[in-house]
Amino acid sequence: MRDPNNRQPVRRVVICGGGTAGWMAATGIAKVLGKQLDIKLIESEEIGTVGVGEATIPTLTNFHNVLEINEQEFMAETQATFKLGISFESWRNLKEDYIHSFGTTGIDHWTAGFQHFWHKGVQRGLAGDFGDYCLELKASKENRFAHLPNNGMNYAYHLDASRYAKFLRRLSEPRGVQRIEGKIVRFNKHDNGDVRSVVLASGQEIEGDFFIDCTGFRALLIGEAMDEPVEEWSQWLFCDRAIAVQTTAIADAVPLTRSMAHQAGWQWRIPLQHRVGNGIVYSSRYLDEETAHKQLLANVEGKTLIEPRVIKFQPCQRRQTWKGNVVAIGLSSGFLEPIESTSIHLIQRSVIRLMQMFPSDGIQQADIDEYNNQCNSEINHIRDFIILHYHANNRTDSQFWIDAREMKIPASLQHRIDLFRETGRVFRVPNELFAENSWIQVMIGQGIMPKSHHSTADLMGDEELKAFLGNIKSRIDRTVVQLPTHQAYVQRYCGRPDEGAKAA
């Protein structure tokens, strides 16, 4: 416990590690607090970054708005494309697919969500697929996209993570961030246990008042210096390996991340402007590395551009991501897995939370406790959402999927499933990432159907319900058919002139 009477102002911030996490932290802090702080970022060209977090979720657009980032410039620099959702292929069962889109579905009533009216329509033979009533989902299936007035479409990005870090560096340095090249080899601590300085291989010592650990899985400060343990979740999340590779693009980029389930995990395909990101995620308990490697390469399109890279990870979270004068951001704080593209979101949320609670006048235990409570609450809900994808399946073709279906899941997730299955209801806790519609789309997509619906839906007669559902669907269909193809829009909006695309 910190002494509240011994508070030292924080003026010197040292960010240990670059990559997406380090440069997002540097950019955010410099934008908001840079005039008050001395900000140094240490990274080494010798140490590579994981650099495969190339799919994002819509919250990144909010982060960019805070940083006043020009979207066209960002997308051109990172060769980004738009993303409207994730296509889950063979997750529920072999050759049964669905899309988790970023949009809202239908129109809610104040007493009940749209799913209740849709469920009644299904019972009466008046409703189509749940996704027929979501603009983003229909647009993604038709491979169409455009910015619409009044924020009419929710979207995220596919981006080149290495280029993104370089793009953020170019924003940060003019705002006062000093980059220091070097490999951190050890640290020094104060008598109270806080980190006093880090020492580079060159012998240079860099002191700071506050340290941000962006050293990835190495977790040099939060793990080694502060000895903060992790809470491990492999009993629910079996996957602990990934192999990533990049390929040439042989087809137009689509506004969807593809997530293709296999016998012991899944494979991703992420289309960028200049190439495609691919990877296989699997459990080493059920699949060996050699087989996974062969399976990945057998299921890619185009020519491989790099040697496949193996990434080992442990599904876990630090019990405290802020301890003493160290905050862990990114992989050093823990990692679930890439299934719902939450890694960059969690970096962003940590940076924003830190900016909101930055200890300019001195570190206080109350701030540390609140920061950690918020982080733990957020990650627990995301963890449950990811477990849902594996647990709710009907596959019988491999032991991996059978074991995932039969495992005992967290009580918090079991309650959500039971509530939706029995009543059709969903709920969202404050500050939770995934909203009601995300839970509904995945539960229905994974085969969980409600047994009943809210009685408000019963008040509609057949003609009224048919018109209600039909008007929503028709409006969406009319909008989608007028949209340009995603590829054409990207080239016009943010394609590089030297790549044959006309700049906007």
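Buried means under 20% relative accessible area, exposed over 50%, and partly exposed in between, with a 1.4 Å probe and protein chains only. Helices (H or I, at least four residues) and strands (E, at least two) are DSSP runs, numbered from the N terminus. The model is predicted: local features need pLDDT of at least 70, side-chain atom pairs count only at pLDDT 80 or more, and totals for chains, interfaces and linings use all residues. Residues are numbered from 1 along each chain as its sequence is written, and side-chain values use heavy atoms, with hydrogens and water left out.

**The two sides of β16**

In a regular strand the side chains alternate between the two faces of the sheet. Display the residues of β16: Val276, Asn278, Ile280 and Tyr282 point one way, while Gly277, Gly279 and Val281 point the other way.

Two strands pair if DSSP finds at least two bridges between them. Strand β13 (residues 241-247) pairs with β16 in the antiparallel sense over seven bridges, and Thr247 stands opposite Val276. Strand β15 (residues 265-271) also pairs with β16 in the antiparallel sense over seven bridges. Here Trp266 has Val281 as its bridge partner. β15 and β16 form a hairpin, with four residues between them.

**The nonpolar cores**

A nonpolar core is a set of buried Ala, Val, Leu, Ile, Met, Phe, Trp, Tyr and Cys residues joined through side-chain atoms within 4.5 Å. Select Phe210, Ile329, Leu388 and Tyr390, which touch the most other members of the largest core, a set of 134 residues. Helix α10 (residues 365-391) gives the most to this core, with 10 residues.

Now centre the view on Leu388. Contact means heavy atoms within 4.5 Å. Leaving aside neighbours within four places in sequence, Leu388 is in contact with Leu413, Ile417, Trp439, Val442, Met443 and Ile448. A second, separate core of 18 residues includes Cys16, Ile184, Phe211 and Val326.

Which residues of α4 are buried? Select Phe114, Gln115, His116, Phe117, Trp118, His119, Lys120 and Gly121 to display them. Eight of the 10 residues of α4 are buried, so this helix is largely enclosed by the rest of the structure. Its buried residues pack against α12 (411-423), α13 and α14 (462-482). Just after α4, Gly125 takes a positive phi of about 70°.

Move on to Asp129, in the loop between α4 and α5 (135-141). Asp129 is exposed, with a relative accessible area of 55%.

Finally, select β12, β18 and β21, three strands that form an open sheet in the order β12-β18-β21, with antiparallel pairing. The edge strands are β12 (230-232) and β21 (334-335), each pairing on one side only. β12 and strand β18 (residues 316-318) pair over three bridges, and Glu231 stands opposite Gln317.
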